[in-house]
Amino acid sequence: MSSMNSTPSTPATPYTLADYKGLKPRWCSGCGDHAVLSSVLKVCQTEQLPPEQTVVVSGIGCSSRFPHYMSTYGFHGLHGRAFPIACGVRSRRPDLHIFVATGDGDCLSIGASHWLHAIRYNMKMTVILFDNNIYGLTKKQTSPTSAKGLASNTHPEGNLIDPLDPLAVTLGITNVSFVAQTVDWLPGHLTDTLLAAHRHPGFSFVRVLQRCPHFTADVFEGCRRDPTLLTLLVHPQGIPADERTLEKLSNQVTHNPANLAEARALTQDTTHYPVGLLYHNPNADRYDLSSAQGANLSTHERIDVVQKEIDRFLI
Amino acid sequence: MVELKEHIVEIVSDSGEGAQTVGQVFGTLCAKMGNGIWTVEIIPAEIEPPARSRAGASGNRIRLANRPVENMGDEAQVVVAFNEQVLYSRIDVGAYTSGTRIYLESKWQNHSQESVRLEYTQAVADFKNRGYTVFEIPMEEECLKIFSDVKKGKNIWVLGMLCALYNRDLDIAHHELKKRFEKKGPEVLSKNLELFEAGYHWAHNHLPETFSVPKDPAPGPKIVTNGNQALALGSMAAGFELCAMYPITPATSATHYLANAFSRVGGFIHQAEDEIAAMGFALGASYAGKTALTFTSGPGLALKTEFMGLAVMAEIPVVIVDVQRGGPSTGLPTRVEQSDLLAALYASPGDAPKVIMAPSNIEECYHMMITARQIAEQLRGPVMVLSDANLSTGQQAYTRPQVDASSFAPPIPQTPWPEGKPAFDWDPNTGCSERPIPGQKGGAYRLTGLAHDQNSKIAYTSAINQHSTEMRSRKLASFRKNLPAPTLFGPAQGDVLVIGWGSTRGAIEEAVTSLQSEGYSLSSLHLRYLSPFEPGIEQIIASFQRVMTIEINYSDPASFQEEFGMRRYSQLCMLLRSLTLRDIETWSRVPGIPLTPKMVRQGILQTFPVRGQA
């Protein structure tokens, strides 16, 4: 138990990427999930996270296979339910490093209510929304982020309504503390974003725009061909962009991530995707600081209290 | 003063007049004087029914005796009523009999509305015709001499009256009143003490015939709790440290109590955003090595079933308490039923074996939480505890439980996991395995709800799926092997065997005792384990000519067989029929109230009208 609250020291031999790699990923070639996995492995290595202190929680979907491709502890849960599980893991274990992998159907549709409340609880975990605008595992059904008009197996004539904007919703929730967006085709920015997310003392929400090579292969093709459709958010308090990103994304806007109103305004521009840190508040209330209290009480102390409680009912 | 072995007292009023408070305090008082007690809340159908409504009785029934009691009994001997109309809802359920003494608020005879005056005089005449003895008591008039706001005081005056009627110890009464009113300030306390004295002295001067019920001679310190408090105390004594819940009647009050006490034992209550999340949160905490439980009731159980399947599939220890209410759907939220047994067993799709237990009284609510936690860990999976609305709000006096480290969950291991040991190192005989906990070096595994092999690796192959499914089932079978056989109530063989489960035990055993004394050859068997069944049940059943269950869930009348060529049996009956291949009968009802000994007796005689040979 003594190790519970201590900061793990760097081992004599530093952890390498291989120490975090699990099974060989079985995602399709060209899937954005591969890029995210590489970045998460790099974050683990950069931060020298002990694999036994690291837990990857996921729901169900292509991207939710993520825990199997890591060699850390993992919890491949139920469709839509990654958040309650991850919050439960966190509740009494402040010592663990928690990553959550969730797709657009998993997080924004079947798991939507958990998503909203998890943002509000603001328990420390790094959340990655793998958003490819489609259900992949079940073969091309409309997702909450599918564009209006997108033809799928459930809407062959095209999606009837405009998509839900995960960033706008997240930024609208009380106690939101970290919201960022990045893309799978800029690996440097992706890794930097996840690193910043991991270091955030709270619930960090990172939406990764990515394609599904089979069902939405060209969904972000426009942005890739015309990078000015992406607005790179720059600021000393933001996510430092690497040279390649700065070079590629010439459309840059200075945005102070402490400014929630401005962050919300950024999501109102439906023609551009903001890339970078939209909002950051390291001081938001954290539910896990309360939920972990008392976890170190000794059995002896606990028995004492139980005795007293029972005695309150004595006749 | 008439000395009695036992008495049943009811206090009924319109909702919000404080009859439930009087009942609780009076029950506690009796217990403190050493009586065995069992109390049952009388709950109106609506939150705020109209005043003087025949459907609106709110209050409490207290059965006090010179021995331990485990059910609410049959008809009450004494009733205190704040108006005459609320008595009718009780008369409808057979709560009173010829000779029942009714102590009735008399102010209605002088009410400004003629219709009310008429209702009152007609009812009093009707009560007398039914053979009740009516005492008309000027409760409000007397209270007004002390307090202008009678709404806030009449119940305490009544408490005083009851204490005189039953010769209760005044020191204990004062102590209880102090406990209840002290925090509201000295003025409120002294007013209430004054009201209490007034009621006491009025009764002393006007009600010459009083009663006494001697104490239960059994030694040892005792406590009085309701079933939900017992579940909560048991949870703390079991060493649970995380309770995730979502508000639902009638389970919530267990978590209200925990919310006050749990943090002092270092525990945490999470009120989740919904029933599903509560279950997921508990499983997350358990996966991380922390002992976790959740409280729910029928509709919540329905929502938790997917996660329950995951707990079975991925072998995550967790305790799920279902305080059963009437169903299906929203059903009867405040009322008792035992209709969740099959849902508990089968609601998770796929083969999802789990342990299901049911406490038979309030005392067992406490002890079962400790056993449930131990089993969940031993079998690395979910354990369900089926309590019900009868136990949740009823009160019982029972031996103060002993607490020591053996009931507590041990601290989670953080030592390295043995090299090469699989995450599911299934013992080929028992199916059991030890689990790695995050933090344990070398133990990292990826838990999954997908079919998996012993290394928790996703596996769709036929042989692995067959094997792992068998391993999960083996846990139940091997666990059963080590359980003791259940104890029979009555002779080991004979004509009739009555089988029950859950909160009906007290009523069943009382009915069986009365029939035995009349020369019937019958015994009863009460099951605490519903999955797996305890060993030896088949042999016990085989020792009786005729077997039936008594349950508070639905079964078709026997006439359905002739009328439709089919008949649906009650839930335990169905399971026992499949276990024994015997033509087991049932008498089951869904009245929304606890079964009384008389109801059980009639049920037995109705099911087997011809007396057989031993």
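This is a predicted model: local features need pLDDT of at least 70, side-chain atom pairs count only at pLDDT 80 or more; totals for chains, interfaces and linings use all residues.

Colleague: What is the hand of the crossing of helix 1 of chain B and helix 6 of chain B?

Modeller: That crossing is right-handed. Helices here are DSSP runs of H or I with at least four residues, and strands are E runs of at least two, numbered from the N terminus.

Colleague: What makes helix 1 of chain B oblique to helix 6 of chain B?

Modeller: Helix 1 (residues 19-32) and helix 6 (residues 170-181) of chain B pack at about 135°, with axes 10 Å apart. Angles under 35 degrees are roughly parallel, over 145 roughly antiparallel, 65 to 115 roughly perpendicular, and the rest oblique. The pair therefore counts as oblique. Contact means heavy atoms within 4.5 Å; among the residues that make it are T21(B), V25(B) and L29(B) of helix 1 of chain B, and I172(B), H175(B) and R180(B) of helix 6 of chain B. By class, the contact has 4 nonpolar, 4 polar and 4 charged residues.

Colleague: Why is one side of strand 10 of chain A and of strand 17 of chain B left without a neighbour in the sheet?

Modeller: The open sheet has 10 strands in the order 10(A)-9(A)-11(A)-7(A)-8(A)-4(A)-3(A)-1(A)-2(A)-17(B), with mixed pairing. Strand 10 (252-254) of chain A and strand 17 (446-448) of chain B stand at the edges, each with a single partner strand, so one side of each has no neighbour in the sheet. Neighbouring strands are turned by 20° against each other on average, direction ignored.

Colleague: How many bridges join strand 7 of chain A to strand 8 of chain A?

Modeller: Strand 7 (residues 178-183) and strand 8 (residues 203-209) of chain A run parallel and are joined by 6 bridges. Pairing requires at least two bridges, and 6 are found here. One bridge links V179(A) with F205(A).

Colleague: How do you know that K140(A) and N175(A) count as partly exposed?

Modeller: Buried means under 20% relative accessible area, exposed over 50%, and partly exposed in between (1.4 Å probe, protein chains only). K140(A), at 25%, therefore counts as partly exposed, as does N175(A) at 23%. Q602(B), in helix 20 (residues 597-607) of chain B, is also partly exposed, with 47%.

Colleague: What is the value of phi in K140(A) and in N175(A)?

Modeller: Most residues other than glycine have a negative phi, and most peptide bonds are trans. K140(A) has a positive phi of about 65°, in the loop between strand 5 (134-135) and strand 6 (141-142) of chain A. For N175(A), phi is near 75°; this residue lies in the loop between helix 5 (166-171) and strand 7 of chain A.

Colleague: Which peptide bonds are cis?

Modeller: Among them are the bond joining T249(B) and P250(B), with omega about -5°, and that from S531(B) to P532(B), with omega near -10°. P250(B) is in the loop between strand 10 (242-245) and helix 9 (252-261) of chain B. P532(B) is in the loop between strand 21 (529-531) and helix 17 (537-542) of chain B.

Terms used:
Residues are numbered from 1 along each chain as its sequence is written. Chains are lettered from A and ligands numbered from 1 in the order in which they are written. Side-chain values use heavy atoms; hydrogens and water are left out. Axes are lines fitted to C-alpha atoms, for helices over the stretch in contact, and angles run from 0 to 180 degrees between N-to-C directions. A crossing is left-handed if the near helix is turned anticlockwise from the far one by less than a right angle, and right-handed if clockwise. Ala, Val, Leu, Ile, Met, Phe, Trp, Tyr, Cys and Pro count as nonpolar, Asp, Glu, Lys and Arg as charged, and the others, Gly among them, as polar.
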